[in-house]
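Hi,

Here's the structure I promised to send over. Have a look at it first, then read on for what turned up.

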Amino acid sequence: MSDQPEQPTGQFQPLEPDATPVQPDVRYGAPAPKRKRNPVVIGLSVLAGVLAIALIVVIGLLVVGPGGTPAADSTRTPSATATAGSTPAPTTTDTAETPAAPVRPTECTQLFPAGYIESLTADGFLALNPEWSLPELATDFFGSNDSALVAVISSNTDRLNCALVKASGGGDVGITTNLLSIDAATQASVIARMNEAGFTCSEETGGTMCFTEVSEDAGTYGERHFVRDGTWIATRWSNTNISGWTQAIVSTLFPA
């Protein structure tokens, strides 16, 4: 090992004109004198650093997005997992509503489409609830001739009574309808009674339609009943060929 200190290598920039030369410390292990850095090299280094930082910022914006949110990714499928505290989107079960009961008519004309009653009374032979029939509508005119069904109808005082009968009064020609509201137990017992009495019953328009018809020497008479959602349309007719009466009421109360 040489006792002489290592001599610095490389190129050096000249000292400033007014700088006083300093003798290097030649003691063993003393550092070599520092050299001045080239301003051009320093400038290039600073420029390279600025460019590197700018590149990092640009890449960050492309990945993160300008608003601090991740950039859109057309190949990414949005997650369907709800975050904590979020409100689940309503399902069809949440928004489904129970169908409302039909609006209860207060007048018999409200049971039929416009012009229907007028077409049946145009010749003046029949009339809807003529004056002479009003007392009987409350006590004697029922939409059934079956004693068990009549007992249910007559006990319900909150019913709408409609009779299309002879305008001149009397006679055994016409149609009588009672519209009344019943509870679920009564509805079931009414349908059971009509099946027991030999009515023909079937599911129709979301409810139960039952009918019967009898022909005798005195004429032809029959009944047609419709029960749905606590509403009972009880109709009895005699010696008339009018058709579609009950169906017209059903379509008014329960439109499709």
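This is a predicted model: local features need pLDDT of at least 70, side-chain atom pairs count only at pLDDT 80 or more; totals for chains, interfaces and linings use all residues.

Strand β3 covers residues 174–181, and seven of its eight residues are buried. With strand β7 (residues 231–238), β3 pairs in the antiparallel sense over eight bridges. Strand β2 (residues 159–166) also runs antiparallel to β3, joined by seven bridges. If you want a spot to look for there, find Asn161, which stands opposite Asn178 in β3.

Next, the charged side chains. There are three salt bridges in the structure. One is between Asp146 and Arg193, at 2.7 Å from N to O. Asp146 sits in the loop between α4 (134–139) and α5 (147–155), while Arg193 is in helix α6 (residues 184–196), so this pair ties together parts that are 47 residues apart in sequence. Asp146 is buried, at 12% relative accessible area, whereas Arg193 counts as partly exposed at 24%.

Arg193 also forms a salt bridge with Glu196, where the closest N and O atoms are 3.7 Å apart. These two are three residues apart in helix α6, so about one helical turn separates them. Glu196 is exposed, with a relative accessible area of 62%. Put together, Asp146, Arg193 and Glu196 are linked in a network of salt bridges.

Elsewhere, Arg228 and Asp229 meet through their side chains in a salt bridge of 3.3 Å, N to O. Asp229 is exposed, at 54%.

Cheers

Key: Residues are numbered from 1 along each chain as its sequence is written. Side-chain values use heavy atoms; hydrogens and water are left out. Buried means under 20% relative accessible area, exposed over 50%, partly exposed in between (1.4 Å probe, protein chains only). Helices (H or I, at least four residues) and strands (E, at least two) are DSSP runs, numbered from the N terminus. Two strands pair if DSSP finds at least two bridges between them. A salt bridge is a side-chain nitrogen of Lys or Arg within 4 Å of a carboxyl oxygen of Asp or Glu.
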